[in-house]
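Please read them alongside the sequence and the model.

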Amino acid sequence: MGNSAINVRGLRERKRAATRAAITAVARSLTAERGLNGYTVEEVCEQAGISRRTFFNYFPAKEDAILGHVDDDFPEEVVERFMAGGAGSPAGEISDSLLADLVRLSLDLAERMSGSEEETRQLIGVIKKEPQLMLRIIGASEEREAEFARLLADREGVPTDHPVVRMAVVLLGNIARKTSAGYFSEGNTRTYKDMLLENIAAARTLFALPFDPSRAGPTPLSMSRPHIQQSSTSQSSSALPSSSQSHSPQSTPSEGAQ
C-alpha cells in the first residue's frame, strides 16, 4: 500500500474518531444535565452536527454513545508504539521490556485523560443519576479487557489465554480502576500519573517479595495439571524481572511515585 493510501486511511480514521468523540461528549453532557430519558437522539445529532443516520452508524443506542467506543480507548499511535516494543523478541516468548512498555502504555493512555477529565467527571455524574448504566459499563469493561488481551497477545506472539496475558489484564485493569477511583474522588489533589505509578510500584514491591512455590502446599490445579503451574511460574518471572537486573523497569514506577 502506497503512502498516499495510508495517509488517506489515517485521515479517515481520525475523522471517524473525532465524530465518535463528539457524539459521546454531547450524549454525556445531556445525560448529566437531563437524565437518560430527558433528551432524544435527534437532539444529540443536532448538537454534534450530524445526521440521525450517522449517529446509528456509530452507536446502536444512546446508552452506547454515553459509554463511548472501545477503539477510542486505544489510540493508533499509542498502540503502534506499544507493539513496536516487542518487535525484537521471538514469537511465543515474553519480551524483557513488557512490564516497562505496559507502564509506558498506561501513562500514554493516562495523558489522554487530562483532555477528557471533564467528560469523565460527567460520566461519573451520569452513573449516579442513571445507575442502570452500570450494567452497560460492566459489559463495556469486559469488551475493553478482551481488546487489551488481544493486543498484548499479538505483541508477544502468544494465545490470548496465556497466563501472563491473563494476569497482565487482571492486574493492570484493577490497578487502573483503583487509581481512577482515587483520582476522581472528592478532595483529591494528586495527578493521575503519580497515583498510577505509586500503585504499580506497590504491586512490584509485593511481587518482588520472596516466594517459594514448594512451601505453598499443593492445590487442586497443581495436583491435576502440574505442568501448567510450572509454566505459569516461569513465565510470570520473565514478565516481572527481579530488582537485581540492571535493565529492570522497576526504577521507572518507583522514581515516578516518589
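Is Glu77 buried, partly exposed or exposed? Glu77 counts as partly exposed because its relative accessibility is 48%; buried means under 20% relative accessible area, exposed over 50%, and partly exposed in between, with a 1.4 Å probe and protein chains only.

1. Basis. This is a predicted model, in which local features need pLDDT of at least 70 and side-chain atom pairs count only at pLDDT 80 or more, while totals for chains, interfaces and linings use all residues. Residues are numbered from 1 along each chain as its sequence is written, and side-chain values use heavy atoms, with hydrogens and water left out.

2. Negative patch. Glu77 is in helix α5, and this helix (residues 76–84) supplies 3 residues, the largest share of the negative patch. The patch gathers Glu13, Glu76, Glu77 and Glu80 on the surface. Patches are made of residues with over 30% relative accessible area and no salt bridge; like charges are joined within 9 Å, and nonpolar side chains (Val, Leu, Ile, Met, Phe, Trp, Tyr) within 5 Å.

3. Nonpolar patch. Met167, Val170, Leu171, Leu206, Phe207 and Leu209 make a nonpolar surface patch of about 550 Å². Leu171 is in helix α8 and is partly exposed, as its relative accessible area is 35%.

4. Helix α8. Helix α8 (residues 163–183) has 21 residues and reaches 30 Å from its first C-alpha to its last, close to the 30 Å expected at 1.5 Å a residue; the expected span is 1.5 Å times one less than the number of residues. Its buried residues include Val165, Leu172, Ile175 and Tyr183.

5. Salt bridges. The structure holds 9 salt bridges, each a side-chain nitrogen of Lys or Arg within 4 Å of a carboxyl oxygen of Asp or Glu. In the bridge between Arg34 and Glu43, the closest N and O atoms are 2.7 Å apart. Arg34 is partly exposed at 36% relative accessibility, and Glu43 is partly exposed at 26%. Arg155 and Glu156 form another, with closest N and O atoms 2.6 Å apart; both residues are buried.

6. Arg104 and Asp108 lie 4 residues apart in helix α6 (residues 98–129), about one turn of the helix. Their salt bridge has its closest N and O atoms 3.2 Å apart. Arg104 is partly exposed at 43%, whereas Asp108 is buried at 8% relative accessibility. Salt bridges with shared partners join Arg81, Arg104 and Asp108 into one network.

Definitions and conventions
Accessible areas come from the Shrake-Rupley method with a 1.4 Å probe; for residues, only the protein chains shown count as cover. Lys and Arg count as positive and Asp and Glu as negative; His and the chain ends are not counted. The place of a charge is taken as NZ of Lys, CZ of Arg, CG of Asp or CD of Glu. Helices (H or I, at least four residues) and strands (E, at least two) are DSSP runs, numbered from the N terminus.
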